[in-house]
Amino acid sequence: MLAFLVGLLYLVSGRTVRAQDATGSRFFCSAIPADADPSCSFDPNGNRVQSTSPVEDELRNTILQLRETILQQKETIVSQQGTIKELNSKLARCEAAAEDSAGRSRGQSSRRKDYSKNTMGDLPRDPTETIDQLGKTMQGLKGRLENLEQQQLRANTSAAAAAGAGGNAVGPLPAELRELLKHRLGALEGQLLRKVAELEEEKSQLYNETAAHRQRTESTLTSLLERITELERSNNAFKSPEDFKVSLPLRTNYLYGRIKKSLPEMYAFTVCMWLKSSASPGIGTPFSYGVPGQANEIVLIEWGNNPIELLVNDKVAQLPLSVSDGRWHHICITWTTRDGFWEAYQDGERLGTGENLAPWHPIKPGGVIILGQEQDMVGGRFDATQAFVGELSQFNMWDRVLRPVEIMGMANCSSYMPGNIVPWIDTNVEVMGGASKAALEICEDRMFEP
């Protein structure tokens with residue numbers, strides 16, 4: 001290309017300049033080769049004459065067009081060089097990312113992989129997003145190469161059209177640049193495909209490691225939970241299974257205890273417990289037993305300024321008991337379906353009896369025993385105004401009427417009789433809503449009462 005341009009310059013500058021017009025006053029200077037004849041013709045006034053050959057005018061225009069084309073091609077080359085630099089930078093980052101990924105794969109056999117590190121400056125962290133981003137980058141690079149080829153084609157077409165009138169054609173740009181770009185793009189595409197394959201493999205390995213880690217974690221948590229359960233049982237193990245109390249410190253509708261065991265059908269019962277309360281007015285409901293269709297199957301309650309009442313099948317008997325002095329008291333209630341006869345004991349002494357309390361009514365089975373709340377439906381719908389406030393212990397229930405001597409023995413701590421229907425043991429009582437269980441040896445605790 002340069003040789004062609006130099007030849008044209010020689011051709012133009014080597015011709016002799018002729019006179020154009022006898023009356024012309026313009027000057028035209030042309031460069032001539034070193035070995036050419038420097039003589040020129042002048043008009044009568046001493047002015048140099050310029051040639052009016054159409055061939056020379058055509059060649060001059062062609063040279064100007066070729067200069068403009070060369071400048072455009074220089075700009076295109078500069079732009080392509082910038083693109084090559086950008087492609088080299090992308091390729092270098094891909095190679096660095098591949099080397100870094102390989103190094104991390106070799107160095108992480110004994111520890112978890114760090115997938116939070118971004119190994120490529122313009123790639124996302126998630127493998128799926130990385131693959132999508134690499135595909136977009138590849139398409140962008142192909143588009144840019146196509147644009148460069150179109151620009152080059154337009155430049156070649158313009159140069160050929162400009163030189164067509166003089167019988168000269170400007171050849172296309174050197175193919176080396178285009179081939180270099182294609183080679184670089186192909187190499188980058190190969191790098192990207194390998195990177196995609198590596199990311200897919202890492203994704204699969206990550207999934208497998210995650211599944212294995214999840215399984216190990218679940219196994220460890222299961223073992224830990226079992227151990228915690230054992231420790232809780234060990235810590236909650238009282239000196240004896242019955243040596244504990246349930247504390248219900250607030251008058252709310254969500255603090256209560258629940259007996260896990262239900263009742264069979266019964267024709268008589270005895271309920272005994274230790275109570276301690278100073279609530280006023282009324283201690284509330286120490287316990288209630290509800291069955292489907294009858295929430296007040298058995299209830300012991302002191303509500304407001306009313307005396308303590310015993311409800312059987314929603315029938316009421318008032319009991320001559322008084323336990324709201326903040327001291328421990330032993331309470332026993334007996335009932336039999338025969339004539340609805342009942343007895344009330346406090347601290348081993350029988351304080352009252354009565355009859356016609358739901359006579360000939362059998363106690364229905366399959367209900368729920370709640371400590372500290374009165375049930376308006378089976379197992380729930382509690383009323384805070386009827387809640388028990390205080391502490392209770394050794395809630396036992398029998399399916400017969402105990403003799404006075406048996407009741408006295410429990411009240412003076414000379415004997416202990418667990419209920420044959422509901423025994424007071426730690427595993428049989430659960431607390432809800434903030435109620436708590438604590439160790440208690442009732443007979444020793446009573447000795448230190450004021």
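**A buried disulfide and its surroundings**

In general terms, a disulfide is a covalent bond between the sulfur atoms of two cysteines. The link of Cys 272 and Cys 332 is right-handed, with 115° about the S-S bond. It ties together distant parts of the chain, as Cys 272 sits in strand 3 and Cys 332 in strand 8 (residues 328-336), 60 residues apart. The structure holds 1 disulfide.

A quick word on the model: it is predicted, so local features need pLDDT of at least 70 and side-chain atom pairs count only at pLDDT 80 or more, while totals for chains, interfaces and linings use all residues. Residues are numbered from 1 along each chain as its sequence is written, and side-chain values use heavy atoms, with hydrogens and water left out.

Zooming out, the protein has 6 helices and 14 strands (DSSP runs numbered from the N terminus, with at least four residues of H or I for a helix and at least two of E for a strand). Buried residues make up 40% of the 450 residues.

Next comes the nonpolar interior. A nonpolar core is a set of buried Ala, Val, Leu, Ile, Met, Phe, Trp, Tyr and Cys residues joined through side-chain atoms within 4.5 Å. The largest one has 43 residues, and Phe 269, Leu 319 and Phe 395 touch the most other members. Strand 3 (residues 268-276) gives this core its largest share, 4 residues. Leaving out residues up to four places away in sequence, Phe 395 touches Cys 272 along with others, including Val 271, Met 273, Phe 287 and Trp 424. A second, separate core of 8 residues includes Cys 332, Tyr 345, Ile 407 and Met 410. Both Ile 407 and Met 410 belong to helix 5 (residues 404-411), where Glu 406, Gly 409 and Ala 411 are buried too. Just after helix 5, Cys 413 takes a positive phi of about 65°.

As for the strands, 7 of them form an open sheet in the order 7-6-5-4-11-2-13, with antiparallel pairing (two strands pair if DSSP finds at least two bridges between them). Strand 7 (315-318) and strand 13 (429-432) are at the edges with a single partner strand each, so one side of each has no neighbour in the sheet. Within the sheet, strand 5 (residues 294-302) and strand 6 (residues 309-312) pair in the antiparallel sense over 4 bridges. Ile 298 stands opposite Val 312 in strand 6.

Strand 5 is also the place of Ile 301, which counts as buried at 8% relative accessibility. Setting aside neighbours within four places in sequence, Ile 301 is in contact with several residues, among them Pro 286, Ile 308, Leu 311 and Gln 386. The C-alpha atoms of Ile 301 and Glu 374 are separated by 7.9 Å, although these residues are 73 apart along the chain.

How values were computed: Buried means under 20% relative accessible area, exposed over 50%, partly exposed in between (1.4 Å probe, protein chains only). Contact means heavy atoms within 4.5 Å. A disulfide is a pair of cysteine sulfur atoms within 2.5 Å.
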